[in-house]
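Subject: Structure handover

Hello,

Here is the structure for you to look over. My notes follow it.

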Amino acid sequence: MKKLSILALICLSFIAGQAQVSVDRVEPPFWWVGMKEPVVQVMVHGKNIGKTNVSVKATGVKIVKTQSPNADYVFIDLKIARNTKPLTVVFDFKDEGKTITTWNYELKARENGSARRKSFSTADNFYLIMPDRFANGDPSNDDMPGMLEKANRNDPNGRHGGDIKGITDHLDYLQKLGITALWCTPLLENNMPAYSYHGYAITDLYKIDPRFGTNENYRDMVAEAHRKGIKVVMDMVFNHFGTEHWMMKNLPQKDWINQWPEFTRSNYRAAVVTDPYASEYDLKRMSNGWFDKTMADFNQKNAFVANYLIQNSIWWVEYAGLDGIRQDTYPYADKDFMAMWMKRLREEYPDFRVVGEAWLNTPAQLCYWMDNTSNKDGYRSRLTNVFDFPLAFAVQKAFSEEEGFDTGLRRLYDLLTMDVVYADPSDMVIFGDNHDIERMYQVQKTGENMKMAIAFLCTTRGIPLIYYGTEALSDRGSLEGDAGKRKDFPGGWQGDKTNMFTGENLSQDQQEIYRYIKVLLNWRKGNKAVQEGKLTHFIPENGIYVYFRTLLNQSVMVILNNNKESVKVNTERYNEMLDGYKKGVDAVTGATIKKLDKIDIDGKSARIIELSK
Ligand code: CA
């Protein structure tokens, strides 16, 4: 029946002497009335659609411009008047005055308060999940028709079956752990033949990968997270997309992507972008080189691409109810476009925040990307938050090496002295590991070092991030490369012997670190001084690092002891911060500290003390 009608349609087209016309894709798939920016640029893709004339008849909605850079695409600039009621607009595609085809385009109502949504802040505790590796809530979606890669849990670089249901089912686990903001590595379709689990080669920017679930499942997960007091930060990738993306078969324009005579890789030297001595050659390789053979490089200088990406981000914020965005490979995309994107995004959502992955190893290189930095070239990124890679690498070394003039705890101290370059260092998202760098436990080696690292991340300036599995003391075991950083979460799969969700078969060390993280994150949720207070620190001496977080009459004292031996700390040196305080409470044990002149601390440990008068 269906075959017959398609055949009939082709015959009709032929009889009428017209070229075959179809509508195969419309993006964004729908939009909203009442947006701050009144124009949405709708991309329609289909055979010969660019050869038609498109019109709409609707109150409050008009086409201000149509552009067809390619016979199979038309970009429709649709202007929606203020106060237009939600409606479905009918695109009427005509040829020689006759309607060839139509498309119903929905303009929905926005949620109340959508524009004034709150974003993440220094009060939040982040958790990073790699969804394929967290929990398999629905084994029936592990393999899906039309998807090139099948699940194979025996392949460390294959798909293991984790999904959105697995995350949604365990939001209560995250809530109990003290998590208030969730970042998942990309969940959008990655229909690539291999390595599709990591999610960074997106093949459809408007669709959740069916092996993770549906768009509705994602939206429901966000809503459920909100009910549990957890914000959701979506991972977006504006630099590149998967070469199996449908668009790659017929790009709207040749310069939709950065093209090279032969495959040319980025030099992965993000510092080139801010280097005052950089050559044009290196700059071009950095920005326009491809991230990988399987990842085509978007040309954000193309105005259609720019609009496409900006609208895509706004679509997800509005559709899913997002609280923030994590933007991948920040310095690899065109920096002027990125600043324009941030501006557009924050015009639409004034309180919205984005944390950028600007992977640079020194504060001098990283600060360029944070908004309000006085950059010599006048560049203003408008990026609200960045990941603190320099601090992460210091955290990875500080607790497991010998104390020296610039090693051990002095690494942390030295790095923080460089905060002078940042407009607001408290806007750094701080971490000890993530999906791209070595696992914390792999480098910290002992439960004691892990605890010290966690204590530091929960009390120094910035927004702490815990990478899934940290609380299970995950290490790489015998696995090489990325696979060793991205192991399955214990308890996420049926039959797992160790189960973090139920607590079954956890080792003594796992129980200890889980409890420690849980206590500290939950304590941090309620302590304003540690969230927003001023940081004052003292040069580490003899393996002891002492710092304070103070806000009005609230003060927290932190002592890190990197010595193997316990120490009785004489606090005379810290009197300027202790003045007026008489006692304290240990944030981890709840024990009272009756006198502050001498404080006992065990070897290789941290003490976090809430001071009182
Ligand atoms: Ca699954």
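**Salt bridges**

Lys207 and Glu189 form a salt bridge, with 3.1 Å between the closest N and O atoms. The pair links distant parts of the chain. Lys207 sits in strand 12 (residues 204-208) and Glu189 in strand 11 (residues 188-189), 18 residues apart. Please keep in mind that this is a predicted model.

Are the two partners buried or exposed? Lys207 has a relative accessible area of 33%, so Lys207 is partly exposed. Glu189 has a relative accessible area of 8%, so Glu189 is buried. The cut-off for buried is under 20%.

Some salt bridges share partners. Asp235, Arg326, Asp328 and Glu357 are joined into one network in this way. The structure holds 38 salt bridges. In general, side chains of opposite charge can pair when their charged atoms come close.

Two further pairs are worth a look. Arg153 and Asp488 meet through their side chains in a salt bridge, at 2.8 Å from N to O. Arg153 lies in the loop between strand 9 (126-129) and helix 2 (164-169), and Asp488 in the loop between strand 20 (463-467) and helix 13, so this pair ties together parts that are 335 residues apart in sequence. Arg153 has 38% relative accessibility and counts as partly exposed.

Glu106 forms a salt bridge with Lys108. Here the closest N and O atoms are 3.4 Å apart. Glu106 is partly exposed, at a relative accessible area of 35%. Lys108 also counts as partly exposed, at 26% relative accessibility.

**Helix 12 and helix 13**

Next, a helix pair. Two packed helices are described by the angle between their axes and the distance between the axes. Helix 12 covers residues 447-459 and helix 13 covers residues 508-525. Their axes come within 10 Å. They cross at roughly 10 degrees. Angles under 35 degrees count as roughly parallel, and helix 12 and helix 13 are therefore roughly parallel to each other.

Which residues of helix 12 and helix 13 meet? From helix 12 come Gly447, Met450, Lys451, Ile454, Ala455, Cys458 and Thr459. They meet Glu512, Ile513, Tyr516, Ile517, Leu520, Leu521, Trp523 and Arg524 in helix 13. The residues of this contact divide into 10 nonpolar, 2 polar and 3 charged.

**Backbone points to check**

Most residues other than glycine have a negative phi, and most peptide bonds are trans.

- **Pro28.** The peptide bond from Glu27 to Pro28 is cis. Its omega is near -5 degrees. Pro28 is in the loop between strand 1 (25-27) and strand 2 (31-32).
- **Glu96.** Phi is near 50 degrees, a positive value in a residue other than glycine. Glu96 is in the loop between strand 7 (87-95) and strand 8 (98-108). Glu96 counts as exposed, at 71% relative accessibility.
- **Asn372.** Phi is positive, about 70 degrees, although Asn372 is not a glycine. Asn372 lies in the loop between helix 8 (363-366) and strand 18 (385-387). At 53% relative accessibility, Asn372 counts as exposed.

Best wishes

Notes. Residues numbered from 1 in each chain as written. Predicted model: local features only at pLDDT ≥ 70, side-chain atom pairs only at ≥ 80, totals over all residues. Heavy atoms only, no water. Axes fitted to C-alpha atoms, helices over the stretch in contact; angles between N-to-C directions. Helix = DSSP H or I, 4+ residues; strand = E, 2+ residues; numbered from the N terminus. Parallel < 35°, antiparallel > 145°, perpendicular 65-115°, else oblique. Contact = heavy atoms within 4.5 Å. Nonpolar A, V, L, I, M, F, W, Y, C, P; charged D, E, K, R; others polar. Salt bridge = Lys/Arg side-chain N within 4 Å of Asp/Glu carboxyl O. Buried < 20%, exposed > 50% of the residue type's maximum accessible area, 1.4 Å probe, protein only.
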